[in-house]
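User: I would like to go through the terms used for this protein and see what each one rests on. Please set the values against the cut-offs.

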Amino acid sequence: MIPRSTFPLIDGFRSGVAPPPEMAMKLRVCENTYLPNSPEGAKYSIEAVPAHGFVFDALEDSEVTEVDLLACVGFGKTALLEAWVTDIIGLNPGDTLVIGQTTDMVKDWMESRMRKVLLSSPTTSQYVPTGSERSNWKKDSVIFRHMNFFAGAANKTDTQEKSMVNTAGDEAWRWDFGMIDFLRKRHHGRWNRKSLIMSQGGDEGTEWHQDCIAGKWHDWEHECPKCKTGSIFDFGNFEY
């Protein structure tokens with residue numbers, strides 16, 4: 001982390017010429033992300049859900065532009081999102097848009113969780129607007145000196161007009177048809193675009209379902225406590 005000086009121009013130059021991190025994303029988010037509201041402890045760790053590491057590897061892969069994460073409640077999707085946002089703001093800046101279910105839910109997340117994460121994490125706390133710039137932090141946006149961060153609901157108003165490097169969506173199974181496509185178009189075809197869309201399962205035939213099966217599908221395995229072999233989660237494998 002580059003310490004902040006009293007000269008914003010020098011800060012910007014030093015950040016711009018700093019070499020990229022050599023540590024893999026899945027390791028540096030564990031080093032740099034603090035989650036004050038997490039029941040697993042204040043510091044983020046992929047040891048709580050090792051499958052998070054696969055997601056971060058995909059987000060770091062230059063050939064991957066979108067990751068759809070279909071996971072159950074309790075997988076830690078919000079914590080994963082907060083860790084990724086921390087990495088973007090602190091180490092890999094680019095204008096970012098996060099879309100949730102409703103405006104009120106997104107504003108509550110920004111105030112009750114995301115703000116605390118950015119203030120607690122060493123790579124981002126230096127960028128949080130303070131003093132005369134404190135008005136740059138709003139419930140649906142943060143105008144940093146080096147990038148913009150927006151949050152909104154899954155509607156036509158919040159998924160249009162803006163031009164983004166990174167986008168993220170939460171609980172897409174609840175979105176109206178067409179919202180995923182609207183969100184994807186915010187990238188305007190950028191070569192370095194990244195999109196992370198997360199949700200639990202929904203109904204077949206929805207845009208979320210179609211989007212998931214359109215890509216390269218991966219299934220995570222769990223270890224059977226009896227035979228110690230890996231198998232995918234399938235109700236057909238249950239023994240009663």
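**Terms and the values behind them**

Analyst: Of the 240 residues in the protein, buried residues make up 38%. The model is a predicted one. It has seven helices and nine strands.

User: How do you know whether the radius of gyration agrees with that of a compact globule?

Analyst: For 240 residues, a compact globule would have a radius of gyration near 18 Å. The protein has 19 Å, so the value agrees. Along the principal axes, its C-alpha atoms fill a box of roughly 65 × 40 × 35 Å.

User: What share of the contacts with a separation of 6 or more comes from residues 24 or more positions apart?

Analyst: Such residues account for 68% of those contacts.

User: Which residues make the contact of α4 with α5, and what classes do they fall into?

Analyst: From α4 come Thr-78, Ala-79, Leu-81, Glu-82, Val-85, Thr-86 and Ile-89, and from α5 come Trp-109, Arg-113, Met-114, Val-117 and Leu-118. Eight of the residues in this contact are nonpolar, two are polar and two are charged.

User: What makes α2 roughly perpendicular to α4?

Analyst: Their packing angle is about 90 degrees, with the axes 10 Å apart. The range for roughly perpendicular is 65 to 115 degrees, so α2 and α4 get that name. Met-25, Arg-28, Val-29 and Asn-32 of α2 make the contact with Ala-83, Trp-84, Thr-86, Asp-87 and Leu-91 of α4. By class, five residues in the contact of α2 with α4 are nonpolar, two are polar and two are charged.

User: Which residues of α2 are buried, and what do they pack against?

Analyst: In helix α2 (residues 25–32), the buried residues are Met-25, Arg-28, Val-29, Cys-30 and Asn-32. They pack against α3 (52–60) and α4.

User: Why is Ser-45 called partly exposed?

Analyst: Buried means under 20% relative accessible area and exposed means over 50%. Ser-45 has 29% relative accessibility, and therefore counts as partly exposed. Ser-45 lies in the loop between α2 and α3. Between Ser-45 and Tyr-34 there are 9.3 Å in space, C-alpha to C-alpha, and the two are eleven residues apart in sequence.

User: How do you know whether Glu-161 and His-188 are buried or exposed?

Analyst: The cut-off for exposed is over 50%. Glu-161 has 75% relative accessibility, so it counts as exposed. His-188 has a relative accessible area of 51%, so His-188 is exposed too. Glu-161 is in the loop between β5 (148–153) and β6 (166–170), and His-188 is in the loop between α6 (179–184) and β7 (194–199).

User: What is the phi of Glu-161, and what is that of His-188?

Analyst: Most residues other than glycine have a negative phi. Glu-161, which is not a glycine, has a positive phi near 75 degrees. His-188 is not a glycine either, and its phi is positive at about 55 degrees.

Definitions and conventions. Residues are numbered from 1 along each chain as its sequence is written. This is a predicted model: local features need pLDDT of at least 70, side-chain atom pairs count only at pLDDT 80 or more; totals for chains, interfaces and linings use all residues. Side-chain values use heavy atoms; hydrogens and water are left out. Contact means heavy atoms within 4.5 Å. Helices (H or I, at least four residues) and strands (E, at least two) are DSSP runs, numbered from the N terminus. Ala, Val, Leu, Ile, Met, Phe, Trp, Tyr, Cys and Pro count as nonpolar, Asp, Glu, Lys and Arg as charged, and the others, Gly among them, as polar. Buried means under 20% relative accessible area, exposed over 50%, partly exposed in between (1.4 Å probe, protein chains only). The radius of gyration is taken over C-alpha atoms; the globule rule is 2.2 Å times the number of residues to the power 0.38. Axes are lines fitted to C-alpha atoms, for helices over the stretch in contact, and angles run from 0 to 180 degrees between N-to-C directions. Angles under 35 degrees count as roughly parallel, over 145 as roughly antiparallel, 65 to 115 as roughly perpendicular and the rest as oblique.
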